[in-house]
Amino acid sequence: MESVAQFLSAPHDTAFSFEILPPLRGKSISSTYADIETLMAFSPAYVNITTHRTEVTYKHIGDGTFREFSSQRRPGTVAIAAVLRERYGVRPVPHIICGDYSRREIEDQLIDLSYLGITDILALRGDRVRSAGIFTTAPDGHHHAADLAAQISDFNRGLMADGSQAEPVFPPFTFGVAGYPEKHEEAMNLSFDLRNLKAKVDAGASYVVTQMFFDNAKFFRFVERAREAGITVPIVPGLKPLTSLRQLSLLPRTFHIDLPEELSAELLKCTTDEQVKAIGVEWAVRQARELKEAHVPSIHFYAMHATKSVAEIARQVY
Ligand code: FAD
């Protein structure tokens with residue numbers, strides 16, 4: 001099976017791909033499988049599975065005191081990746097994040113994945129923990145995704161986290177990284193962010209997947225700027241269909257993105273989630289059609305809470 005990176009670089013019609021989240025700890029996996037099955041009908045080229053940091057929570061234990069618990073809210077990324085391949089025969093792309101993990105723990109994850117034969121990954125720094133204002137990392141962990149990218153490339157060559165030399169890995173990992181058409185929230189400006197994106201590509205990334213955006217002009221400008229900055233790898237646009245009134249303030253706040261005037265004028269007329277969903281599908285169909293006409297290698301759909309909308313978009317666009 002060719003890697004996602006090889007697939008994206010070879011000539012083909014714009015592919016369909018989507019990203020899912022593992023279920024919340026303690027919830028059944030069945031609704032995740034139901035979502036996957038709905039979207040498998042559109043023959044995704046590959047499926048991404050997110051990875052989540054450990055969060056600290058405080059639970060009242062009844063005597064006026066609280067107990068601290070720390071746990072990953074959505075465990076199971078690697079298991080779901082294995083199921084995607086075995087049960088559905090689709091290329092899985094689990095996400096690997098820096099946050100929480102030392103270099104050695106990341107190496108252990110790479111070893112597990114390589115034993116499973118899963119060698120397509122997305123390499124990310126990871127979000128900050130929700131209670132923290134800034135990104136924090138584990139002792140001997142990475143501060144930026146470029147360092148994680150370098151570790152994966154070293155691992156492919158057999159260079160281990162402790163500096164020892166092992167056998168090169170075969171087949172080697174190939175990986176993508178994240179890009180931000182509206183710049184990452186912490187970057188001073190887009191040029192600085194693109195310089196850091198180029199560092200990830202120079203460290204071995206074979207393609208870029210973007211943060212969601214609602215204005216294609218921003219994506220096209222981003223691709224132009226990336227090319228000017230010397231980034232030549234495929235750039236996959238990320239789309240998210242709007243599905244609820246709550247998202248109208250949540251998405252800009254969480255992802256530091258704008259909703260274009262024309263879209264927001266329509267959304268302001270909505271009083272129910274159903275109305276937002278209808279506009280969300282219509283808008284994403286328009287975006288996806290234009291992106292397809294521009295021959296983007298794939299469209300990455302953020303499918304969380306939006307399976308039906310993504311299915312409807314895929315039905316109309318592919
Ligand atoms: P980086 O590339 O490290 O960049 C983070 C910031 O640091 C940027 O502002 C960058 O400009 C800056 N920077 C980079 N290098 C340097 C340097 N040397 N000096 C100074 N500044 C620097 N999060 C999760 O937790 N789990 C997921 O599964 C997940 N999946 C995602 C999938 C996609 C497609 C995208 C786009 C994002 C995803 N995220 C996920 C969110 C991502 O982890 C956050 O946006 C995170 O804040 C940044 O990750 P990064 O890999 O882009 O980091």
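On a 1 Å grid laid over the protein atoms alone, a cavity is a set of points where a 1.4 Å probe fits but cannot get out, whereas a pocket is an open set with protein on both sides within 12 Å along at least five of seven lines; lining residues have an atom within 4 Å of a point. Grid points are joined across faces, edges and corners, and a volume is the space filled by probe spheres set on the points. The model examined here is predicted, so local features need pLDDT of at least 70 and side-chain atom pairs count only at pLDDT 80 or more, while totals for chains, interfaces and linings use all residues. Residues are numbered from 1 along each chain as its sequence is written, and side-chain values use heavy atoms, with hydrogens and water left out.

One cavity of 30 Å³ or more is present in the structure, and the largest cavity holds about 30 Å³ of space. Its lining is made up of Tyr180, Pro181, Glu182, Lys183, Gln211, Met212, Phe255, His256 and Ile257. By class, this lining of the largest cavity comprises five nonpolar, two polar and two charged residues (Ala, Val, Leu, Ile, Met, Phe, Trp, Tyr, Cys and Pro count as nonpolar, Asp, Glu, Lys and Arg as charged, and the others, Gly among them, as polar).

Helices (H or I, at least four residues) and strands (E, at least two) are DSSP runs, numbered from the N terminus. Nine nonpolar, five polar and four charged residues form the lining of the second largest pocket.

Turning to the ligand, 25 residues surround it, the closest being Thr51, Tyr180, His184, Asp193 and Lys200; a residue is near a molecule or strand if one of its heavy atoms lies within 4 Å of it. At least two residues of the shell come from each of β5 (91-97), β6 (120-124), α6 (190-202) and β8 (207-212), and α6 gives the most, with four residues. The shell around the ligand consists of 10 nonpolar, nine polar and six charged residues.

Oxygen atoms of the ligand lie 2.6 Å from a side-chain N or O atom of Asp193, 2.8 Å from a polar side-chain atom of Asn196 and 2.7 Å from a polar side-chain atom of Lys200. Taken alone the ligand exposes 970 Å², and the protein buries 85% of that (accessible areas come from the Shrake-Rupley method with a 1.4 Å probe).

Eight aromatic pairs are found in the structure. Rings of Phe, Tyr and Trp (its six-membered ring) pair if their centres lie within 6.5 Å; planes under 30 degrees apart count as stacked, over 60 as edge-to-face and the rest as tilted. Phe16 and Phe42 form an edge-to-face pair, because their ring centres are 6.1 Å apart and their planes stand at 75°. Since Phe16 lies in strand β1 and Phe42 in the loop between α2 and β2 (46-49), the pair ties together parts that are 26 residues apart in sequence.

The loop between α2 and β2 also holds Ser43, a residue other than glycine with a positive phi, near 45°. Elsewhere, Phe170 and Pro171 are joined by a cis peptide bond with omega about -5°, and Pro171 lies in the loop between α5 (145-156) and β7 (174-179).

Technical notes
A polar contact is a pair of N or O atoms within 3.5 Å; within protein, one must be able to donate a hydrogen and the other to accept it, and residues adjacent in sequence count only if both atoms are side-chain atoms.
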